[in-house]
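Please look through the model below before reading my notes. They are meant to be read with the structure open.

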Amino acid sequence: MGLEVLFFVGPALTIFVIFVVWPIVRALQFSLYRWKGFGPLVDFVGLQNYVSVLTNDVFIGAFTHNMVIVVLSILVQLPVGLAIALLLNRKMRGQGLLRTIIFVPYVLSEVIAGVVWFQLLQPQYGVVETLLGAVGISGPEQGWLGTPDVALYTVFFVLTWKYLGLAVLLFLAGLQGVPDELLEAAQIDGASWWQVQRRITVPLLGPTLRTWGFLSMIGAIQLFDMVWILTRGGPANATTTMATFLITEGTKRYNYGIATAASVILFAVALVLALLYQFFVLRRDVAEADAGMRRVR
Amino acid sequence: MSGPMTMPVPGTSSPPDGGGAFRPSRRPRASGPAQGGSPLVWFVALVVVAFTLGPVVYAALGGFRTNAQLAESPAGLPNPWVLENYQRVLASPSFWRYALNSTVIALITTVITVVFGLMAAYPLARYRFRWREPLYLVFVLGLLFPATVAIIPLFVIITRQLHLGNTWWGVALPQAAFALPVTIIILRPFLMAIPNELEEAAVIDGASRIQIFWRIVVPLSGPGAVTVGVLAFVASWNAYLLPLLLLQGDMKTLPLGVADFSSQYSSDTAGVFAFTTLAMIPALVFFLAMQRRIVNGLQGAVKG
């Protein structure tokens with residue numbers, strides 16, 4: 001029996017330990033040394049790398065940018081995605097095609113999406129500039145990605161283009177789970193479309209919305225590809241994220257100790273946020289489910 | 001992810017139509033069941049489609065223009081249509097080399113993820129042994145660790161200790177390892193749902209565990225295996241960070257090639273558009289073929 005289990009689980013466990021567990025253990029270890037990637041690991045510095053990361057203005061900026069993206073995603077993508085999903089959740093011709101189209105940007109890699117948008121957003125001959133110019137809006141002189149004050153919001157805009165379809169699709173799927181009887185009953189009682197959405201549909205969609213929020217948050221904390229393609233963290237560190245910070249430190253400056261300390265901090269931030277979210281937001285789902293079960297019995 | 005997560009109800013629901021969508025109306029039964037779209041709905045749909053497809057279509061058309069055309073009239077159509085940009089990309093050996101690398105790496109990743117994932121999920125779903133739940137928990141905890149956290153040590157281990165830097169396997173193996181948690185989480189309930197009678201009958205017929213695995217478990221886990229396979233393939237095809245650190249020169253994948261081309265020839269907008277458009281075709285075709293699986297997989301992930 002033991003041998004059989006080993007036979008089946010062994011291969012998965014082996015690559016999991018080599019490529020997931022072991023690197024994480026090493027990350028913790030590296031973060032305690034001053035190490036440039038060559039020679040033995042001897043220059044033990046304790047928590048000094050953590051201190052220098054946490055007091056580094058660029059890293060604090062990067063952390064702030066991650067948080068801005070987390071908050072903006074929930075403030076912008078959630079209501080917009082929900083509004084689109086509610087409006088499209090009806091029998092209409094071409095609905096299947098519409099869903100397919102909405103989902104296209106999600107399937108493209110962030111690199112491809114980023115490269116295309118980089119061209120569209122070019123300061124002088126980019127099409128965004130031209131179209132906005134046609135309606136009388138002139139963009140910033142250095143371009144939407146080249147101006148420190150707006151670059152982060154431009155990155156967020158492109159991220160929204162890429163990920164809004166996922167939100168709409170998941171919300172539409174969640175809407176399929178709202179029983180028709182409830183909606184019909186509310187209608188018979190004279191509720192308007194708007195009242196039905198607000199009092200019945202959206203509350204019942206709660207679990208889907210909250211889980212989407214969780215995925216969106218975790219994704220925003222790890223944000224790397226899109227930023228790297230669009231701005232490399234610039235201009236003047238206006239769009240750095242924790243991930244671009246650690247990649248720059250690790251692969252450009254060979255400060256492996258600093259880079260791994262930053263990666264451990266990134267993990268800690270993700271873990272704390274995940275636990276807080278679990279505690280304050282997702283827990284309601286479990287409580288509601290229990291209450292619901294009791295009511296049913 | 002916890003939560004009760006309602007099961008999807010098959011079939012379509014027909015929510016009330018809002019005659020005038022957002023306008024509250026006090027009359028009882030003011031609106032019948034939705035049959036089609038009001039003008040507002042069609043307008044929103046149109047805006048969403050334009051916003052979504054606009055950049056993709058613009059890039060594809062931009063590939064048929066010259067840089068002079070693009071500079072003169074950024075919002076114009078190809079006039080005349082130019083095939084040269086696309087021809088140049090299609091004639092470049094590096095484009096095909098990158099496409100080959102992307103394909104091979106994604107295939108290796110997918111095969112390892114599905115095979116190892118199914119094998120591991122089988123005893124975790126159907127055997128009774130003391131370490132079952134702790135073992136399962138080890139894989140589940142892997143979900144908490146994105147590859148970004150371990151990326152620097154991963155780079156050191158793969159290049160210096162395993163000497164797999166700049167190889168297909170060096171990228172595919174860690175990608176498969178990081179895909180295992182979600183794979184096992186999706187597959188375990190699938191395997192748990194296989195009726196005991198099938199297995200018992202096979203045992204009576206004298207089948208070994210390995211025969212049971214191959215003859216019963218693998219065929220019956222088809223839909224789940226396809227879903228996790230598609231998710232692993234798409235993730236690998238689109239991956240950027242790990243290949244960026246590990247692959248150079250001839251070994252680069254398409255995302256790396258696209259990013260390189262874009263930064264080396266950023267003033268050759270038409271060329272960038274042609275290269276990007278050709279690079280997105282495989283992903284789009286694969287997506288259209290596997291659409292249902294991808295969507296189901298993602299929805300499954302959200303439903304926990």
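1. First, a caution. This is a predicted model. Read every value here as computed from that prediction.

2. Chain A is built from helices. Its secondary structure comes to 12 helices and zero strands.

3. Now its extent and packing. The C-alpha trace of chain A spans about 75 × 70 × 35 Å along its principal axes. Chain A has 297 residues, and 46% of them count as buried. Take its contacts with a separation of 6 or more: 69% of these join residues 24 or more positions apart.

4. Chain A touches chain B. The contact takes 91 residues from chain A and 96 residues from chain B. On the chain A side, helix α1 (residues 2–30) gives the largest share, 16 residues. By class, that side of chain A has 61 nonpolar, 21 polar and nine charged residues.

5. Chain B has a domain division. Domain 1 covers 39–82, and domain 2 covers 93–303. Their C-alpha centres lie 34 Å apart.

6. How many residues of each domain of chain B are in contact with the other? Eight from domain 1 meet seven from domain 2. On the domain 1 side, α1 (39–62) and α2 (67–72) of chain B each supply at least two residues. The largest share, three residues, comes from α1(B). That side of domain 1 of chain B divides into three nonpolar, four polar and one charged residues.

Methods:
Residues are numbered from 1 along each chain as its sequence is written. Chains are lettered from A and ligands numbered from 1 in the order in which they are written. This is a predicted model: local features need pLDDT of at least 70, side-chain atom pairs count only at pLDDT 80 or more; totals for chains, interfaces and linings use all residues. Helices (H or I, at least four residues) and strands (E, at least two) are DSSP runs, numbered from the N terminus. A residue is buried if 20 or more other C-beta atoms lie within 10 Å of its own, exposed if 12 or fewer, and partly exposed in between; C-beta atoms are placed from the backbone. Two residues are in contact if their C-beta atoms, placed from the backbone, lie within 7 Å. Ala, Val, Leu, Ile, Met, Phe, Trp, Tyr, Cys and Pro count as nonpolar, Asp, Glu, Lys and Arg as charged, and the others, Gly among them, as polar. Domain bounds come from an automatic or database domain assignment.
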